[in-house]
Amino acid sequence: MHPAPSVILFTTLSGLGFGLLTFLGLGYPGVTGWVAFVFYAIAYALAVGGLLASTFHLGRPERALKAFSQWRSSWLSREGLCAVAALLIMGLFAIGAIFLERDWRLLGLLGAGLSLATVFTTSMIYTQLKTIPRWNMALTPVVFLSFSISGGALLAGQESLSIWLLLAAGTVQLAYWAKGDKAFAASGTTIKTATGLGGEGTVRAFEPPHTGSNYLLREFVYVVGRKHAQKLRVIALLLGFGLPIVFLVLPVESSLVKHLMAAFAVLSHMVGAAVSRWLFFAQAEHVVGLYYGKR
Amino acid sequence: MTELPASTNRKMGLVIDLDTCVGCHACVISCKGWNTENYGAPLSDQDAYGADPSGTFLNRVHSFEVQPAATPSQPDPAAQLIHFPKSCLHCEDAPCVTVCPTGASYKRVEDGIVLVNEDNCIGCGLCAWSCPYGARELDLAEGVMKKCTLCVDRIYNENLPEVDRVPSCVRTCPAGARHFGDLGDPESQVSQLVAERGGVDLMPEMGTKPVNKYLPPRPKDQLDEQIDVLAPLLAPVTQGPGGFLGWLDKALDKLPGHASGQSSGGST
């Protein structure tokens, strides 16, 4: 699949933003006043920034509001509704925390649930697609949720908890890659099922329909950079999980250095998560490639 | 609503005969011609006369090489070239419809045709992602999703002569490889054709239940023995030179030194 920068930015940033909102809603940290303002500003910048980036890949962004109507069948529609609901509820909760020094517990819990629901619905947009076996796995939502929760814990300053969550997310990532590498073969879809040809013999794509490229090839048959996949996986693991854990466990005395270390951990995790998300798209093979003899 | 209808009154669709298709691409051109001027936004091209031309098409013809497996009677079977037109299969369980966030994609209850209401399409592309067949293409000029309409503006069009009230690709096919009809009616001509020729679904494991069917190519005729009357006349006249020329050839070969690339007798 073509790794569109807007979609990678969207899923990475908004995943982190909604992860942070989840922890703020749960009351970890239970901040008020100016400190709360900074936390919510970061969370909203990430979540809303990600959502805005996602509209850049639309052919007709001016009609985006229509996407809220089909929640009964469409995961994309459900995601939009969950995101707006989470941002509104957490907005109210934030007003209480920042300006009124209030902790409206019920609202916070609801907001945290909706934030996680947003990440889950995002992951289901990809998971539901049978056409892309590497995404059509139960592990896909686990990857999205574990990234969002561990990144959220990191941003929320939950140091000891985030070490364990980062370890868990890194393990999920490894399992996802291991299973994903076998997914296309396991799906049973081949050039023979695609064409109904061949019987006991072999089928080969002989000539494409056009000498030039087309929308399908540009969108679904993206092979640039796949040869670096293994290296990029190591980079994603090191930056996304290894380095942040090192930054967190380093024994530091001064609070300034501690904050600096936390900032490094967050930045490193964000870059690692973005690399992992790039691989998520670039390595995903759509079955339509079979008609072109490509993967 | 982008929920699929529980059932449709008819299942209009195409039957494509892979035995007959000659790969002329006339259906591709007539489809592009009709659909760029009629239903919805035109099918745009990008860089049409430049170095990297591409464009939106609702129907494309692939070509596949099939190498039959060797059998005791056919130890060395010849490969077959199969031309393979592909457009929307108007699936009963169309994933492209249910993923649509705006309700722009829908399947009609009256005839099962899958259509896009372009005024509601936001061009998110998710329906194209969900289609295993590559039947949907986002038009880069218009920013909306385009797909085969089964020429919904022809098949019911009383302004056209009755013979033209079929999809443009069917009307234009010079080989008669494309058939149009109601695949939900077991008595229809297309249903009987599918039953008779063993029509197949593409990627049945995807669970999309396509309405369009493909008729597999018939096995090629196998000749039992050589019946080419000209064959004896085409047999090689000499295997190698005999007589004086043969002696000369051998004698020259025995001489020291490297023989030039083309030996005069051609016997080696």
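This briefing walks through a few features of the structure above, from single elements to the contact between two chains. Please keep in mind that the model is predicted. Chain A and chain B touch each other, with 47 residues from chain A and 53 residues from chain B taking part in the contact. A strand of chain A, β1, also pairs with β4(B).

**Helix α2 of chain A**

- Helix α2 of chain A covers residues 33-55, which makes 23 residues.

**A closer look at Leu154(A)**

- You can find Leu154(A) in helix α5 of chain A, which runs over residues 139-155.
- Is Leu154(A) buried or exposed? Leu154(A) has 29 C-beta neighbours inside 10 Å, and the cut-off for a buried residue is 20 or more, so Leu154(A) counts as buried.
- Setting aside neighbours within four places in sequence, Leu154(A) is in contact with Ser162(A), Pro244(A), Ala265(A), Val266(A) and His269(A).

**Chain B on its own**

- Chain B contains seven helices and 11 strands.
- Its radius of gyration is 28 Å, whereas a compact globule of 268 residues would have a value near 18 Å.
- Along the principal axes, the C-alpha atoms of chain B fill a box of roughly 90 × 50 × 40 Å.
- Of the 268 residues in chain B, 42% are buried.
- Among contacts in chain B with a separation of 6 or more, 61% join residues 24 or more positions apart.

**Where the chains meet**

- The contact takes 53 residues from chain B and 47 residues from chain A.
- On the side of chain B that touches chain A, β4 (59-67), β5 (80-87), α3 (126-130) and β8 (137-138) each supply at least two residues.
- Which element gives the most to this side of chain B? That is β4(B), with eight residues.
- By class, this side of chain B has 31 nonpolar, 15 polar and seven charged residues.
- Strand β1 of chain A (residues 202-207) pairs with β4(B) in the antiparallel sense, over five bridges.
- Within β4(B), Ser63(B) stands opposite Glu207(A).

Definitions and conventions. Residues numbered from 1 in each chain as written. Chains lettered and ligands numbered in written order. Predicted model: local features only at pLDDT ≥ 70, side-chain atom pairs only at ≥ 80, totals over all residues. Helix = DSSP H or I, 4+ residues; strand = E, 2+ residues; numbered from the N terminus. Expected span 1.5 Å × (residues − 1). Buried ≥ 20, exposed ≤ 12 C-beta atoms within 10 Å, placed from the backbone. Contact = placed C-beta atoms within 7 Å. Nonpolar A, V, L, I, M, F, W, Y, C, P; charged D, E, K, R; others polar. Pairing = 2+ DSSP bridges. Rg over C-alpha atoms; globule rule 2.2 N^0.38 Å.
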